[in-house]
Amino acid sequence: MGSTVETPQKIRFLKFIFEQNIPVKSGEIASRFGIRTATVTRSLHELSDAGYLVYDPYQEVCLTSTGYDLARYFYRRHRILSLMFTRFGLCSNDACSQAEKIEHLVPRAHINQICRSLGHPSRSGCGFIEHDPECCEV
């Protein structure tokens, strides 16, 4: 995913759509994050153009299969970083907060390296950690 698409805000949008498990409207996203619908719409257009969403203005938004896989990866990355922070002494809430602040900066190869060093964990304070076949040989 290119740096123009992988911003903290767009990551939050993809994760939100993923966790809803049903199509959502841009207004729901705006309401959830306390931002203007126009701001959400601009990001949704970019994510749609990149192939991660099916989005038509004034319609519901849903993830493409590529977007779904990417959102799953974002959850995995977040949870591995959060677990790493808890292993270094942060409480779960602080670990989760700090992971969200930096997760967009950490590439997949480093996440896999951290996962290996943590023994391919299956849980963090944030929830279940899905194994990546490239990393965990499952």
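A residue is called buried here when its relative accessible area is under 20%, exposed when that area is over 50%, and partly exposed in between, with a 1.4 Å probe and protein chains only. The structure is a predicted model, in which local features need pLDDT of at least 70 and side-chain atom pairs count only at pLDDT 80 or more, while totals for chains, interfaces and linings use all residues. Residues are numbered from 1 along each chain as its sequence is written, and side-chain values use heavy atoms, with hydrogens and water left out.

Asn21, in the loop between α1 and α2 (26–33), has a positive phi near 65 degrees although the residue is not glycine, and Asn21 is exposed, with a relative accessible area of 65%. Tyr58, in the loop between β1 (53–54) and β2 (62–63), likewise has a positive phi, near 70 degrees, in a residue other than glycine, and Tyr58 counts as exposed at 80% relative accessibility. The helices (H or I, at least four residues) and strands (E, at least two) named here are DSSP runs, numbered from the N terminus.

| Helix pair | Axes | Angle |
|---|---|---|
| α1 (residues 8–20) and α4 (residues 65–87) | within 9 Å | roughly 105 degrees |
| α1 and α3 (residues 37–49) | 11 Å apart | about 80 degrees |

The angle makes α1 roughly perpendicular to α4, and α1 and α3 are also roughly perpendicular to each other, a term that covers 65 to 115 degrees, whereas under 35 counts as roughly parallel, over 145 as roughly antiparallel and the rest as oblique. Contact, meaning heavy atoms within 4.5 Å, joins Ile11, Leu14, Lys15, Phe18 and Glu19 of α1 to residues of α4 including Tyr68, Leu70, Phe74 and His78. The residues of this contact of α1 with α4 divide into eight nonpolar, one polar and four charged. On the α3 side, Gln9, Lys10, Phe13, Leu14 and Ile17 in α1 meet Thr39, Val40, Ser43, Leu44, Glu46 and Leu47, and the contact of α1 with α3 has six nonpolar, three polar and two charged residues. In these classes Ala, Val, Leu, Ile, Met, Phe, Trp, Tyr, Cys and Pro are nonpolar, Asp, Glu, Lys and Arg are charged, and the others, Gly among them, are polar.

A nonpolar core is a set of buried Ala, Val, Leu, Ile, Met, Phe, Trp, Tyr and Cys residues joined through side-chain atoms within 4.5 Å. The largest one has 38 residues, and those with the most contacts inside it are Leu14, Ile17, Ile29, Leu44 and Leu53; α4 gives the most to this core, with 10 residues. Leaving aside neighbours within four places in sequence, Ile17 is in contact with Ile22, Val24, Ile29, Leu44, Leu53, Val61, Cys62 and Leu63.

In helix α6 (residues 108–117), Ile111, Asn112, Ile114 and Cys115 are buried. Seen down the axis of α6, these residues fall within an arc of 160 degrees, so they line one face of the helix, the arc being that of the directions from the helix axis to the C-beta atoms. Their cover includes α4 and α7 (133–136), while Ala109 and Ser117, on the other side of α6, are exposed.

Terms used:
Axes fitted to C-alpha atoms, helices over the stretch in contact; angles between N-to-C directions.
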